[in-house]
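Hi,

Here is the structure I promised to pass on. Have a look at it first, and then read on for my notes on what turned up.

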Amino acid sequence: MKAVISSKWFVTLILCLFLAGFLYGQENSDTSLSKEKQCILVYLSQPDVVEKFGKISDAIWSYAELGLQEFKSSALLIKTLEAEGFSVEKGLAGMPTCFVATYGSGKPVVGILGEYDALPMLSQKARHPKQEPLVEGAPGHGCGHNLMGTAVSAAAIAVKKAMETHDIKGTIKVFGSPAEEILVSRPYMVKAGLFDDVDVVINNHTSSGFSTSYGVRGSAVYSVIYSFTGKTAHSAAAPWSGRSALDAVEIMNVSTNYLREHLHYAYRMHYVILEGGEAPNVVPDQASVWYFLRNTDEQMEDMYERVLNCAKGAAPATGTELSDVRVIAAVHQSHANKALAELMYKNIKLVGMPEWTQEEHEFAKALQKELGRAEKGMPKEVGTLGKPAAVFTGGASSDHGDVTLIAPTATIRFPGIVPGAIGHHWSTVAGNYGSSAWKGLNAGAKAMAATAIDLLTLPDELQKIREEFEEHSKQHPYKSFLPEGTQPPLDINEELMKKYRPLMEKYYSDM
Ligand SMILES: [Zn+2]
């Protein structure tokens, strides 16, 4: 069986070397197509390889597991990597669904970050351009992390094949990173020393385009649950003997909303009340509110302290106690390395935007029509290399920010999401499955693998990236925002998954 596979691989290699030279050799004269790079492009272009990873991505889409509950998703990726000869350490940094898959030995060590968690309440029928959940209220892949963990595995496997065939020295590591949607895993992975020997890191995200960027992006975050304990009483017969924990939450929220005026303009602050009593005629003795506090790295800790003071002040004002301050996550902004982003961008141009079928354009247009967007179909060109904004005015976050401060890192944003689809929304879930998603993740895998090959085989490029990083580190030495003793919130999505997993099982696209 092994010999059959090898000879098939050899024939494909010979045939495709010619093809690869034709496809990639001409218009991209600034990125020489080395034999190592040809090797990964040829492997990833094989229809059965495209299909294999497409089906893995579709399976993870159907599992739609929330952060720290990604048991089936991480197991599928681990099984895929182990079958290709990676050695995998599991259950790392205090998280059962965190893993590191390694191939090779010695320097340089190239890391690739992979995510696979879903978002709550986004269940949606695949490739259906109208909102229609598979399971009402269940989670869905509204950020494309099903494609990302899969693309990363495909890229690493392709790199391993090139390393074996062409005797490339060094190590490739896949960092299986749970719970990105709740911004949890990377600070714990850094703290556990998982990145200690890593020279450079390739991050990735799904997108409607194909691009990368450098500089500071996204907000730092503290995700915190504030809980208050009061005293219950009959709300009508003896309200004077009660102390309402809900009052404390409301007073805290009034304080923070006044605070907005005096926060630096790059901030974001949003909350949901998790607990606030069960009935108006019983004074609630327990209440809690969950905040996301976002700001620049420089302003973040000051903002955290000032919001904490709002919580502390609400307790004596209402005769209650601030009984718990639980930090769910605390992460830095992303500081993308310019030299690495420039290298990635060459490889993005080398790979190019996938060719979409008529059916894929039609689906995109139907979705765009439903959302009231311009009916442009799928994108035709790769994007430009993104530069940092002149003034940072705030935005979303990713927990890979912490990694960017301990190793040079940049992000390849690869296609697959229909342009105009809304992030963290059913419209993104609808398109993250099937043919266009497969093509997008394949393009992303190629760009990541080609970049990894450059990093393993071009020492001057790696040195340039490292020098920029060392210089940047002098101004931005790493210090975790996590308070001492904070643990990953393993319980946070447990109940939701317990509720929905049995209802979702019949829709699994199992491998
Ligand atoms: Zn995401």
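Let me start with a pair of helices: α4 and α5 have axes that come within 10 Å and cross at roughly 10°. With angles under 35 degrees counted as roughly parallel, α4 and α5 are therefore roughly parallel to each other. On the α4 side the contact uses Ser73, Leu77, Thr80 and Leu81, and on the α5 side Gly149, Ser153 and Ala156. Sorted by class, that contact of α4 with α5 has three nonpolar, four polar and no charged residues. Bear in mind throughout that this is a predicted model.

Helix α5 (residues 145–166) has another partner, helix α13 (residues 435–457): their axes come within 8 Å and cross at roughly 45°. That angle makes α5 oblique to α13. The crossing of α5 past α13 is right-handed. From α5, the contact takes in Leu147, Thr150, Ala151, Val152, Ala154, Ala155, Ala158, Val159 and Ala162. From α13 come Ala437, Gly440, Leu441, Gly444, Ala445, Met448, Ala449, Ala452 and Ile453. By class, the α5 contact with α13 has 15 nonpolar, three polar and no charged residues.

Now the sheets. One is an open, mixed sheet of six strands in the order β1-β2-β4-β3-β5-β12. Its edge strands, each pairing on one side only, are β1 (87–90) and β12 (409–414). On average, neighbouring strands in this sheet are turned by 20° against each other, direction ignored. Helix α4 (residues 71–83) packs on the sheet and touches β1, β2 (99–105), β3 and β4 (170–177), with its direction at about 155° to that of β1. Helix α9 (residues 338–351) also packs on this sheet, touching β5 and β12, and its direction makes about 25° with that of β12.

Strand β3 (residues 109–115) runs parallel to strand β5 (residues 200–206), and three bridges join them. Valine 110 is the residue that stands opposite valine 200 in β5. With β4, strand β3 pairs in the parallel sense over seven bridges, and isoleucine 112 has valine 174 of β4 as its bridge partner. How many residues of β3 are buried? Seven of the seven are, so β3 is largely enclosed by the rest of the structure. In a regular strand the side chains alternate between the two faces of the sheet. For β3 both faces are covered: Val109, Gly111, Leu113 and Glu115 are buried on one side, and Val110, Ile112 and Gly114 on the other.

The other sheet I noted is open too, with four strands in the order β8-β9-β7-β10 and antiparallel pairing. Here β8 (268–275) and β10 are the edge strands, each pairing on one side only. Neighbouring strands are turned by 15° against each other on average, direction ignored. Strand β7 (residues 220–229) pairs with β10 in the antiparallel sense over nine bridges, and valine 221 has valine 331 of β10 as its bridge partner. Helix α8 (residues 297–318) packs on the sheet, touching β7, β9 and β10, with its direction at about 160° to that of β9. Helix α7 (residues 245–259) lies across β7, β8 and β9 (286–295), running at about 20° to β9.

Strand β10 (residues 321–331) also holds aspartate 324. Aspartate 324 has 11 other C-beta atoms within 10 Å, and since 12 or fewer counts as exposed, this residue is exposed. From aspartate 324 to glutamate 494 is 170 residues in sequence and 20 Å in space, C-alpha to C-alpha.

- The peptide bond from lysine 107 to proline 108 is cis, with omega near -5°. Proline 108 sits in the loop between β2 and β3.
- Alanine 64, although not a glycine, has a positive phi of about 40°. Its place is in the loop between α3 (47–63) and α4, and alanine 64 is buried, with 32 other C-beta atoms within 10 Å.
- Aspartate 167 also has a positive phi, near 55°, in a residue other than glycine. Aspartate 167 lies in the loop between α5 and β4. Is this residue buried or exposed? With 8 C-beta neighbours inside 10 Å, aspartate 167 counts as exposed.

Cheers

Definitions and conventions: Residues numbered from 1 in each chain as written. Predicted model: local features only at pLDDT ≥ 70, side-chain atom pairs only at ≥ 80, totals over all residues. Pairing = 2+ DSSP bridges. Helix = DSSP H or I, 4+ residues; strand = E, 2+ residues; numbered from the N terminus. Axes fitted to C-alpha atoms, helices over the stretch in contact; angles between N-to-C directions. Contact = placed C-beta atoms within 7 Å. Parallel < 35°, antiparallel > 145°, perpendicular 65-115°, else oblique. Left-handed = near helix turned anticlockwise from the far one by under 90°. Nonpolar A, V, L, I, M, F, W, Y, C, P; charged D, E, K, R; others polar. Buried ≥ 20, exposed ≤ 12 C-beta atoms within 10 Å, placed from the backbone.
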